[in-house]
Amino acid sequence: MRRALAGIALAVTSMVALSFLIPLALLVREQARDRVTTAAEQRAAALSPVLALTTRRADVQQAVAELGSMDQLAVRLPDGGLVGSPHAPDEALDRAVRGRETLAVDTPDGWAYLQPVVLRGERVAVVEAYVPAADLTRGVAASWGVMALLAVGLVGGSVLVADRLGARVVRSSRSLKRASLALGSGDLGVRVAPDGPPELQEAGAAFNTMADRVVDLLAVERELVADLSHRLRTPLTALYLEADRMGATPSARRVTEAAGQLERELDSIIAAARTPLASAQLAGAGAGTAKPCDVAEVVAMRLDFWSVLATQQERPFERSLTPRPTPVAFPEDDLAAVVDALIGNVFRHTPQGTRFLVRVERRERHVHLTVDDAGPGVADPGAALTRGVSVGGSTGLGLDIVARAARTADGELVITRAPLGGARVAVSFALADTGGAAQR
């Protein structure tokens with residue numbers, strides 16, 4: 001922006017300066033010429049009374065010497081004699097005599113002014129006032145130089161002022177840009193000092209207000225999440241009591257294990273929600289450095305958990321897990337939550353007895369987790385990936401959680417039609433760099 005403003009100032013000031021300086025330079029040259037030619041005409045006119053009184057050569061020479069130099073003032077007497085050194089062509093002198101008209105003649109070396117003087121007896125004498133070419137432009141070059149220096153100073157000053165103004169605007173804009181990027185990357189404590197033009201100062205103040213509002217809203221949201229998670233402990237306690245009444249049975253053991261896992265998840269949610277925003281930001285920044293876990297191992301573990309419910313609902317399922325290592329830089333608990341969200345969607349949105357398939361594949365740079373089912377499919381995949389939008393009576397958060405997890409692990413989530421006839425949900429995770437294991 002500074003360069004653009006300086007360029008605009010340079011162009012505008014240069015055009016204004018040229019529009020004034022060019023006519024002014026021509027005017028200065030004409031005034032210099034008019035000054036010396038007027039003086040020459042006055043010298044010629046001063047010699048006319050002398051010629052009216054006498055045409056003796058000696059008297060005329062004395063008058064010429066008193067009025068000027070013999071090189072700049074000459075007289076052609078009525079008898080054809082010359083006093084001084086005329087510079088005008090002979091035909092111009094003859095024309096002045098015959099026509100008795102005043103002439104101004106440009107010569108190769110300067111300018112000549114011819115003034116005829118009519119004497120008694122119709123005799124005609126011609127007075128010539130000569131101006132050398134150097135005198136015609138004397139002082140013009142110096143004047144032009146002064147005007148050029150003045151123009152350069154004006155242009156340079158305008159460019160400097162524009163650059164300083166532009167630097168102030170650019171500095172304020174860059175400060176606002178850096179703060180916006182920092183806020184977008186999670187730095188909730190960033191603020192700007194309003195500076196620059198009034199518009200940018202207002203923008204800076206609005207940014208600070210927005211940042212404060214974002215912090216307040218996040219704090220309120222985190223408290224609501226913590227309170228809601230805490231309220232879930234009441235039905236969780238009821239589950240524990242119900243498992244105790246069931247005695248030492250496999251069903252009671254499964255309920256107790258599920259309730260324990262749910263309690264651990266609630267504890268982690270409450271701890272994360274009650275963590276100060278600054279600490280949560282630092283923890284989020286370190287998510288990319290989490291201890292790697294193996295996707296195939298986590299999927300196998302969670303399939304063992306869901307297989308019990310699948311057997312009860314008579315859901316045939318297949319698993320296809322690659323034997324190759326599939327390490328990803330993603331927390332194991334978060335990855336387990338992703339797998340549970342995908343398989344849980346099959347149980348929630350397809351009738352009992354619906355077949356499904358879970359596949360884990362390792363490719364060049366990513367691990368692909370695919371869940372296919374033979375259910376009705378997803379009519380609007382775009383809406384299914386919109387946070388909070390339900391396409392089947394759910395909260396609309398499950399697939400959004402999966403999508404955000406995929407983006408965190410440098411992957412993506414894609415919903416298509418499965419060969420089984422229902423939905424195919426494919427999630428990719430970038431392979432973690434674990435040295436030789438990741439290269440096999």
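Ala74, Val75, Arg76, Leu82, Pro86, Leu93, Val126 and Glu128 line the second largest cavity in this predicted model. That cavity has a volume of about 30 Å³, and it is one of 2 cavities of 30 Å³ or more. Salt bridges are the other topic here, and the count comes to 12.

**The second largest cavity**
- Two strands, S1 (73–76) and S5 (124–132), each supply at least two residues of this lining.
- S1 gives the most, with 3 residues.
- What kinds of residue make up the lining of the second largest cavity? They split into 6 nonpolar and 2 charged, with no polar ones.

**The largest cavity**
- The largest cavity comes in at about 60 Å³ in volume.
- Its lining is made of Ser172, Ser173, Ser175, Leu176, Val192, Ala193, Pro194, Asp195, Leu200 and Gly204.
- Helix H5 (140–184) and helix H6 (198–231) are the elements that give two or more residues to that lining.
- H5 has the largest share, with 4 residues.
- By type, the lining of the largest cavity holds 5 nonpolar residues, 4 polar and 1 charged.

**Salt bridge Asp212–Arg191**
- Side chains of opposite charge can pair when their charged atoms come close.
- Asp212 and Arg191 meet this way in a salt bridge, at 2.6 Å from N to O.
- Where do the two partners sit in the chain? Asp212 is in helix H6 and Arg191 is in the loop between H5 and H6, so to speak distant parts of the chain, 21 residues apart.
- Asp212 counts as partly exposed because its relative accessibility is 37%.
- Arg191 also counts as partly exposed, because its relative accessibility is 33%.

**Salt bridge Asp304–Arg319**
- Asp304 forms a salt bridge with Arg319, and their closest N and O atoms are 3.3 Å apart.
- This pair, too, links distant parts of the chain: Asp304 belongs to helix H10 (residues 295–312) and Arg319 to strand S7 (residues 317–321), 15 residues apart.
- Arg319 has a relative accessible area of 37%, so Arg319 is partly exposed.

**Salt bridge Glu361–Arg363**
- Glu361 and Arg363 form a salt bridge, with the closest N and O atoms 3.3 Å apart.
- With a relative accessible area of 30%, Glu361 is partly exposed.
- Arg363 counts as partly exposed as well, at 46% relative accessibility.

Conventions. Residues numbered from 1 in each chain as written. Predicted model: local features only at pLDDT ≥ 70, side-chain atom pairs only at ≥ 80, totals over all residues. Heavy atoms only, no water. 1 Å grid on protein atoms, 1.4 Å probe; cavity = no way out; pocket = protein on both sides within 12 Å on 5 of 7 lines; lining within 4 Å. Points joined across faces, edges and corners; volume = space filled by probe spheres on them. Nonpolar A, V, L, I, M, F, W, Y, C, P; charged D, E, K, R; others polar. Salt bridge = Lys/Arg side-chain N within 4 Å of Asp/Glu carboxyl O. Buried < 20%, exposed > 50% of the residue type's maximum accessible area, 1.4 Å probe, protein only.
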